[in-house]
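Have a look at it before reading on.

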Amino acid sequence: MKPTTVECESLDSVETERSSLRHVCDDISLDIFLVAVAELAERFTYRSLTAPMQNYIQNARDDPMHPGALGMGQKLATGMNYSFVGWCYFAPILMAIVADTFLGRFNTIVLGTGFSAAGVLILFVTSLPVSLENGAGLPGLMAALVLVGLGTGAIKSNVAPLIAEQYAGRPERLKTLKSGEQVLVDPSITTQTIYARYYWVINLGALSVLPVSWIELKVDFWAAFMLPLCFWTLAMLALLAGRTRYIVRPPQGSAIIKAMRVLWIGIKNKGNLEAARPSLLEKAGVSVSWDGIFVDELKRALVACRVFLLFPIYWICNGQGNSNLVSMAASMETHGIPNDMTDGCEGATPARKISVFLQIPVYSLIGISELLAMLSGMEYAYTKAPQSMRSVIMALFLMTGAVGSSLGISLSAVSVDPRVLVEYVSLSATMLVAAIVFFLCFRKYSRIEKSMNMLVEVDGPKDSLDTDDASRLEKQ
């Protein structure tokens, strides 16, 4: 039953009752998820490329056991796979700057849609048999990966902040349910719910691995790449429908330069960012373009960036699902299942009668970990970033994927049987240690999560929030 809303009461009144009231999510309009269709298409395309890419690069077209096109071997295929993933997670930095400085988030998403559609079109054309026979396969793949990576960067760095901004700024308020229960509508819970729903929507695109792998096996690569090309039509229609329904903030200029100046002042003062407060600098006759709130927000953003430091190790492990696990599946008994779902070949060598279904727990755990890590990371990147730097902080979070992929490229030399076993064991042990270190180093931030999220922008001249939590954040 839909709850009814009572008049918004004062925040002081809410604070006195918050300890005894149940915190609930606000109503969320479905309209704010229209732009998520662009990222749904991006995820559909990303999986449609990374799933068959290992086979496309590694195996030859005349291989009777496995689908293939370029025949360049496992080492190069693994290296290129990691390179593409790294580019997809580095490009958000570039496109975030474009969004914050020049185009704004919505227009940058539209630009990214054009890049991705063009890249998939090139890949489709150059994967046709006649194109492969004339040597267009590799250059077409390279051009496509560059364009798709730019599109991914534009979409991933801007869709999540744009969606969350449609709700941002609403205060806590009381509601009385029809049952008579009084509850507190909590903006932080609402933001968490928005991201959870958003993440479920976009990951429907990851299901593209199922039809694409079968089409690759039963038809050809060109048919597999045609599927995401058609999907971009849906994204364009969704953007067209959403262009008048979104609250779109104009670009505010790059906050990176301001942030760099604040950080430089802090470095010169032995890491003390308090020295960059306008009230202190003005006493010394120095005029600056930022305010005290920006300094507080930058501290909060640095906390988020600190939390992201161990994510590259996670991304190395996550990347195994698109590279070495695919090659492993090709050497297993696949029972006719494509080896790039656990990926595509029919049959295995007589010496290796090991069922490909043994990979199911591996892929399941990778999927669960991505749900937990990515969802929490995106929410953290949004809620801890200054408003003018949300795209940039989101991009910094995504760039941890680029760092992880770069490390993965360095491991591609050992990505061959039997040395890959040592790689698996080493990565597992490293990830376990990283998880323990992460918990021990950052669990303290859970205690000040609420106060960190309460730094808000107000109209007119602003300076530091004079609270105990601000000084506590400084000590972190």
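## Ground rules

This is a predicted model: local features need pLDDT of at least 70, side-chain atom pairs count only at pLDDT 80 or more, and totals for chains, interfaces and linings use all residues. Residues are numbered from 1 along each chain as its sequence is written, and side-chain values use heavy atoms, with hydrogens and water left out.

## Transmembrane annotation

The unreviewed UniProt entry puts "transmembrane region" at residues 84-103, 110-130, 136-155, 198-215, 221-241, 392-415 and 421-442. Those positions use the numbering here, with feature names shortened, and such annotations may be inferred rather than shown by experiment.

Take two of these spans. Residues 110-130 are 90% helix and 0% strand, with end C-alpha atoms 32 Å apart. Residues 198-215 come out at 67% helix and 0% strand, and there the end C-alpha atoms are 28 Å apart. Helices here are DSSP runs (H or I, at least four residues), as are strands (E, at least two), numbered from the N terminus.

Two packed helices are described by the angle between their axes and the distance between the axes. Axes are lines fitted to C-alpha atoms, for helices over the stretch in contact, and angles run from 0 to 180 degrees between N-to-C directions.

Helix α8 (residues 187-202) and helix α16 (residues 360-383) have axes that come within 10 Å and cross at roughly 135 degrees. That makes the two oblique (under 35 degrees is roughly parallel, over 145 roughly antiparallel, 65 to 115 roughly perpendicular, and the rest oblique). In contact (heavy atoms within 4.5 Å) are residues including Y195, Y199 and W200 of α8 and M374, M378 and Y382 of α16. The α8–α16 contact splits into 10 nonpolar, 3 polar and 2 charged residues; Ala, Val, Leu, Ile, Met, Phe, Trp, Tyr, Cys and Pro count as nonpolar, Asp, Glu, Lys and Arg as charged, and the others, Gly among them, as polar.

## α9 against α10

Helix α9 (residues 209-218) packs on helix α10 (residues 221-242) at about 155 degrees, axes 7 Å apart, and α9 and α10 are therefore roughly antiparallel. P211, V212, I215 and E216 of α9 meet F221, A223, A224 and L227 of α10. That contact has 7 nonpolar residues, no polar ones and 1 charged.

How many aromatic pairs does the structure hold? There are 14, where rings of Phe, Tyr and Trp (its six-membered ring) pair if their centres lie within 6.5 Å. W87 and F90 have ring centres 6.4 Å apart and planes at 35 degrees, so this pair is tilted (under 30 degrees is stacked, over 60 edge-to-face, the rest tilted). W87 and F90 are 3 residues apart in helix α3 (residues 74-103), so about one helical turn separates them.
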